[in-house]
Every structure is written in C-alpha cells, then in structure tokens.
Amino acid sequence: MSARMGSVARAVAAALVVVVALASSVATAQMESCNAELPPVLVANYSGLGCQPVWNNFVLRDKNNVLRIVLSTMYSTGWVGMGFSRDGLMIGSSAMVGWIGKKGLPHIRQFALRGKTSSKVVVDRGFLVSNDHDHTVVVQQAKIYLAFQLKFSYRLTHQHIIMAFGNSIPVKNKLTRHQDKTSFTFDFTTGRASVDGSFPYGLRRAHGALNVFAWGVLMPIGAIVARYFRRVDPLWFYLHVGLQFVGFIIGLAGVVAGVALYNKIQADIPAHRGLGIFVLFLGILQIVAFFLRPNADSKYRKFWNWYHHWAGRLALFFAAVNIVLGIHVGGADNSWKIGYGFNLAVILVAVIALEFMLWTRWSKNSTSTPTY
C-alpha cells in the first residue's frame, strides 16, 4: 500500500502509520495519530488497539499469537510494505505489501524477498501464515488503510521488522524500488521498538568512505603528481610514493571493513566483491614493484616502467568502476552519488587540462632547431 503524494512524499514518510494492537494497552494511545478513528469496516476486528509508534508512526499489536496490523498513511499512489525478518535484513524476509491499482482496485499480497532485484521479489510466497479473507484495503479521506492478520505458532517476543514504501503502482505484481526503508526490533512483550542493530550500517558506511577516499581521491591525485609534475624533482617522487602508500593503507582498511561486512550479512554481490579483490591484487603488485624497482640505467627499467604505469592505470580505472557499483548495490543515498560524481568530474577535467599542457610542452620541446 503506497505512501506518497507527489511532492507530499516527505509528508507521507512523516505520516506513515501502522496500528498494531497489543494485548495490553499502551501509554501512547492518547497521541493524536493513535486516536484517529478507523474506517467503520475495520472497527469490528481492529477496535481498541493499543498504539505504539515505531517508525513514521507505525504501531503494532499481538493477541493469542494472532498479529493484527493496520497500516495507514496519506495516499496518492504507489505501495507500502511491512516485512518480518529472521535477522533484520531484507533478503530472506517475507512482507505484506498493499496498494491501489490503476483501475482503483485494492491489492494486498505476500511477497518473499529473495533478493534486491524485482525478479527476486516473488509474489504469493513467504513464510507468513494468513487468510486472504482477513485482508482489507480501505481508502478514506485521502488516507489508505492496509489491514491484515497473521498467525504464528508461537507467541512473538522480540521480532525483526522491516518497512518500506515506493512511489509507483506495481504492474503484474512487480514491485518497484522503494523510496525509503528502515528496520528495527519490536518487543511484543512491552510494545516498544528499538533500532535494529543486526544490520551494520556503520560498517557499511566505513567500508564505502574508506575506499572512496583511498581509491577515489588519494591515489588518483598521486598518479596525477607522478605524470604531470616531474619537473619538480625530487618532490614529485616523494609526494607520489607518500600518497599512494597512505592511500593503499586506507584502502586496505576499507577492504577489511568490507570483509567484515560480508561475513556479517553474506551479501550476494559477486561483481563488486570480485572487482574489489582484483583491484586489491593490483595494488599489492604495485607495492611489491616499488621494492623491486631497477636502477634508472638498468636495461629492465623500461619494462618496469611499462608495467608500473599500466597496472596503476588499470587499478584506478577498475577502482572507479567498483566504487560506482558499490554505491549502487549498497543503496547509498543521493549525497554519495553526487559527492563521488563531483569528485570524479573534477579529476577528469584536471587530467584533460594537464594532459593538454603536457603534450603542448612536449610538442614545443621536440620542434627541431633551424640550421643556418
């Protein structure tokens, strides 16, 4: 069931409400969002709900192993989903998702979240037990209500919950990418929610920030210094070595954070992981090559130079590709995309300008002196 009103998307996120009845009443029932009257069609099965906001005013209830949920929000178009997770992650979860179709018909279906692509979000699959006749979708006064009941074989205590909403109406039961999402743990014994620590958001940010700074900022600057500032000798050499070495250490820390992140969430992103390993391998070879550098007058020096230059360029190119891929698969917000895009644009413009100046200087130096 969707939460979005064009420009009202922010208001939707702020107004999104799930009402869940806990067996015992909750102290927040007097809040305005909890005191709002339910549509008459829902009163029989969902009246007297104890109200506990958990995210954007979502509220939950449990009684006799039957979880009764009402999800409400200001509505224009799109979908809203509430998922139950065993580990706090999207993959492997099951979610109840509702929306109003293009023909004005209500829809509420269960989805198995087997991956982050649309093809892996499978309709009418999942581990939640419910009856279709218990599902209700109602639109009243520009607000949509998604109501459903779930049966569990045990009494819920601490449960990982994930929530998300998208702004496009599903076509043929295919969900579009969410506009916003969250995860938390709900304690059904106390009716309180807490931030879900099962997903290592801090670790993900550290992995991304360290690698962007190392491979996307420091090392490209080090390469620029080596190619375009050789006239400042020997300062260029020390700057180049220092920047690349510090960048490699920071990048290595980013790789360690990535390995820890993978061990924790087992993310299925082989392309990103494979490219990361390849770039790290090239970086290690560059470090080894530094200690094996032949003397300037050695007959092997030209081969070493060829290898060092092209291995470095390959490493920086694939690192840039992998940073973009990582930002995408990591679900980073627009600030990451804009920030790295701006950084990449500045580097490319600088390289083009410096390369033009370099070739101009070479051209002047190679001009033959006229004979008299």
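Q: How many helices and strands does the protein chain have?
A: The secondary structure comes to 8 helices and 12 strands. Helices (H or I, at least four residues) and strands (E, at least two) are DSSP runs, numbered from the N terminus.

Q: What kind of model is this, and how is the numbering done?
A: The model is predicted, with local features needing pLDDT of at least 70 and side-chain atom pairs counting only at pLDDT 80 or more, while totals for chains, interfaces and linings use all residues. Residues are numbered from 1 along each chain as its sequence is written, and side-chain values use heavy atoms, with hydrogens and water left out.

Q: OK, what share of the residues is buried?
A: Of the 372 residues in the protein chain, 42% count as buried. Buried means under 20% relative accessible area, exposed over 50%, and partly exposed in between (1.4 Å probe, protein chains only).

Q: New topic: which peptide bond is cis?
A: The bond from D233 to P234 is cis, with omega near 5°.

Q: Where is P234?
A: P234 sits in the loop between α4 (201–228) and α5 (235–265).

Q: And what is phi for K172?
A: Phi of K172 is near 55°, a positive value in a residue other than glycine. K172 lies in the loop between β10 (158–166) and β11 (180–187).

Q: Is K172 buried or exposed, and why?
A: K172 counts as exposed because its relative accessibility is 76%.

Q: What about phi of N173?
A: Phi of N173 is near 60°, also positive in a residue other than glycine. N173 is found in the loop between β10 and β11.
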